[in-house]
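Colleague: I would like to learn how to read a model like this one. Please take me through it feature by feature.

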Amino acid sequence: MPRVTLVEGINLALARALADDPDVVLIGEDIGVNGGVFRATDGLQKRFGKLRVQDTPLAEGLIAGMSVGMAAQGLKVVAEIQFMGFLYPALDQIANHMARLRNRTRGRLTCPVVIRMPHGGGIHAPEHHSESLEVLLCHHAGLRVVCPSSPARAYGLLLAAIRDPDPVMFLEPTRLYRLAKQDVLDDGQALPLDQATILREGDDVTIVTWGAMVHDSMRAADLLMQEKISCEVIDLSSLSPVDHDTILESVSHTGRLVIVHEAARHAGLGAEIAATVAEKALYDLLAPVVRVTGYDTVMPYFAQERAYIPGVARIADAVRQTLQG
Amino acid sequence: MKRFHLPDLGEGLQEAEIVRWHVAVGDRIAVDQPMVAMETAKAVVEVPAPFEGVIATLHGKPGDTIATGAPLVDFEGAEVVATTSGGNSGATSAATSQGGVVGHMPETDEVLATPAAAAPRGPRGRTRAVPAARELARRMNVDIDSLAGSGANGLVTLDDVLAATQSHGGGRMPVATSSMRPAADISESGELEVLRSLRRAMAQSMTLARDNVMECTVFDDADIEGWQQGGDYTVRLLRAIAVGCRAEPGLNAWFDGTTQGRRLFHHIQVGIAVDTPEGLLVPVIRDVGNSDAGRLRSEVNRLKAGARDRSLPASDLRDFTFMLSNFGVMAGRYATPVVVPPAVAILGAGRISRDVVAVDGRIEAHRRIPLSLTFDHRCVTGGEAVRFLGAVIADLQLPA
C-alpha cells in the first residue's frame, strides 16, 4: 500500500479516474506540461496524452464555462483553479449555469464537473492565495461542496466527486498538501460524498471542523485528553449538503459543540451548523455553542497568517469554555 | 553553511529582482522574518527567512536579477540544505518536489492512521431541558437530572425547576455545581438554605433596587427637645412625612424607568418596614395625610401585630407611595435605606439620643432624631429632597 501525501493521493485518484473512464478529461492552467502549481497533475499528461489533460489559458471564467459545455456533451470534466482567490471570475459560470443545468433542463441533462481548488492558508503565500471561500459555493443550490482532510479521504472523495453526475466543488486544504502521509490503497474505492466522519470518539465536547482545521482540532483533542477532557472530532467532509444527522447525534451524546473553521466568522458555515443545532437539539445542549474561526478581515499575508488561522490553543480554549459553569 | 535558494515567487516565474535587503551579514534572524523585497513580473514580494540563523552571505545587491532556484542567502552553520523551503516543521525535501508554487507547504514525517469506522452507540439518556431551566437549576442548586420533566418527551421546563425549589422549601437542596460547594470544615456549620418566602422576596426587591435605582442619601437631625411629654414617635414621623410630601409632592410618587414616566399621588400611603423572623414585611398605612394621630396609632398597632403573626391580607401589603424605616427603636443612628421601586423615597429614623448642641452660644444637651432620607435621583432632584427633609424636620421639631 503506497504511503502518500494528500496531493499525491489526489494525483492517484485523478490517474485512476483517467484510466477507468475514457470520458474523464482534466483541464486547467499549467496542469499539463508543468504538472500543476502544486503538482497535483504531475505526470498525467505524459501518461494520458494532451486530449485527456489539457492546459488552458489563464482565464477561470473560460475554464468553468468550457466545463459546462463539455459536460453537457457527455464528458466528465475535472478542472483546476490554481488558488481559491482566483475563483471569482468562474463563479458566474458555476452559479448561473453549472449549478442550474439539471434544474433548467428539468433533469434531462446533468453537469458532471469537478472543480478542484486549493483552500485556506498557512503556506506563506501572497494575497489571493490563502482564501477560505466555501460559503460562496455552499449558498448555491445544485452544487456539492466537498473538503477532504487526509490523503485517504482526498483519494476516496475525489473519485466519488468525479463519478457523481452533478457538479462538485472540491476544496483541497493547501496546508495539508504535504503535511503528513497516509497509507492509501489505490483500489478505486470511492467514499460516500455526503457523510461526515467521526475521526475520534469522545464524551465531553463535539468538535465539528473540516479541511486543514481537522489537523489542528485533532491535536487540540490530544492536548485536552491530558486534562481528562474527551473530545469527539467530526470531519464534516461535505460542506454542502451538511450531514446534520451525524452532528446532532454527536451533540445529543456530548451536550457541547465547538465549531472550527478557518474562514471568517461572519455568515460562515459555522453559523449554519450552530443554527441547525439550536433548532433541532437545543434541549440537548449543556453549554452555548462556541465557534473558533478566522477573523472578519482580509486574510493577512504570511507574517500574520498564523494569528488569523485558528490554532490548537484557540481550539482548546474554546473547548474548555464550554465546560465552565 | 545552510544555503537558501530563491523560490518561485509567482506561479512559474523564472526570475526576480532585488529591491532592498532588510538584513545584513552577521544578523541573527528568526523564522518568517522578512529578509528581502524582490520585484517579480507581478509584484514586489517580501521573502521571509525559512529558518533561524546568522546570515553569512547575501547573494546580490539591489537591482540584481536572481534566477529562480539560484542561491539567495547563506546562513552560518555546518549543514548544507539545498532547498527553497527549509520549513518550520522538519521539512527536508528537495525544492523541486513542491512544484513551481507560491509560498511554502509545510512537510512533516507524520503518518496518519486510518481511523476505524465508529461503532453505533445508544442514546446517552441525559436529561433534556429548556436552556433557561438548566441555567435556573444551576443557580438554584437544583440537580436537574433529578427532575421529572413535564414537557414533551420529558423535557424539563422552567416550571419544573421552580416547583422543585418550592417543594424543597428551606430544606437542603441537592448541590449541583461545585461553585456553591463550600470546603468541608465550613459545610459542617450549615447546610445550604435556599431563600424562600419573605427573605426571597427581599432578595428580589433589593436586587431590583440595586439594578434600577440611582440612590442618593442625605442625613440630618430633628431636635425634639421641645416635645411635650408622651410624644408618639412613630405617629409624629408619619405626620412629618405627610407634611414633607405636601411641601414636595415629587417624593410621594412612583417612577417607571422603562417609560421614563412618574406618577404623583394625591394620597400618601406610607409603607412601614417591619422586621419579622421570616424576613422583612412592609404593611401600608393608607391616606396618612388625612388621618389624625389616633387613627395612625391604631393602624400602626394593627399592622405591626398582623405582620408579626402573618395575618395581614395582601391588600395591606401593597402599593405604598413612600416608605418609613424606623430602625432606631433597636439601634443605629444613620443608615442608607434602600428605595424599593416603583416608590422614589424612603425615610430612615435612627436611635434618639441626647446630643450636645449649641444654643445661642451655650452648650446644651438635646434629644434628637437622626434622619436619613434616600431618594431616587433619576426623578427626584437634590433640591426637592432637602426641601422635603427640611419640612419633615420643621414639623418634627414642633412641640406637639
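Colleague: Where is the place of Ile55(B)?

Modeller: Helices (H or I, at least four residues) and strands (E, at least two) are DSSP runs, numbered from the N terminus. Ile55(B) sits in strand E6 (residues 53-58) of chain B. This is a predicted model: local features need pLDDT of at least 70, side-chain atom pairs count only at pLDDT 80 or more, and totals for chains, interfaces and linings use all residues. Residues are numbered from 1 along each chain as its sequence is written, while chains are lettered from A and ligands numbered from 1 in the order in which they are written.

Colleague: Is Ile55(B) buried or exposed?

Modeller: Count C-beta atoms, placed from the backbone, within 10 Å of the residue's own: 20 or more others is buried, 12 or fewer is exposed, and in between is partly exposed. Ile55(B) is buried because 20 other C-beta atoms lie within 10 Å. Of the 400 residues of chain B, 30% count as buried.

Colleague: Which residues does Ile55(B) touch?

Modeller: Two residues are in contact if their C-beta atoms, placed from the backbone, lie within 7 Å. Leaving out residues up to four places away in sequence, Ile55(B) touches Val23(B), Ala24(B), Val25(B), Gly26(B), Asp27(B), Ile29(B), Val73(B) and Phe75(B). Take Asp27(B): it is 28 residues from Ile55(B) in sequence, yet 5.6 Å away in space, C-alpha to C-alpha.

Colleague: How does that look across chain B?

Modeller: Take contacts in chain B between residues at least 6 apart in sequence: 62% of them join residues at least 24 apart. The chain has seven helices and 20 strands.

Colleague: Which strand of chain A do bridges join to E9(B)?

Modeller: Strands pair if DSSP finds at least two bridges between them. Two bridges join strand E8 (residues 181-183) of chain A to E9(B), and the strands run parallel. Gln182(A) stands opposite Leu112(B) in E9(B).
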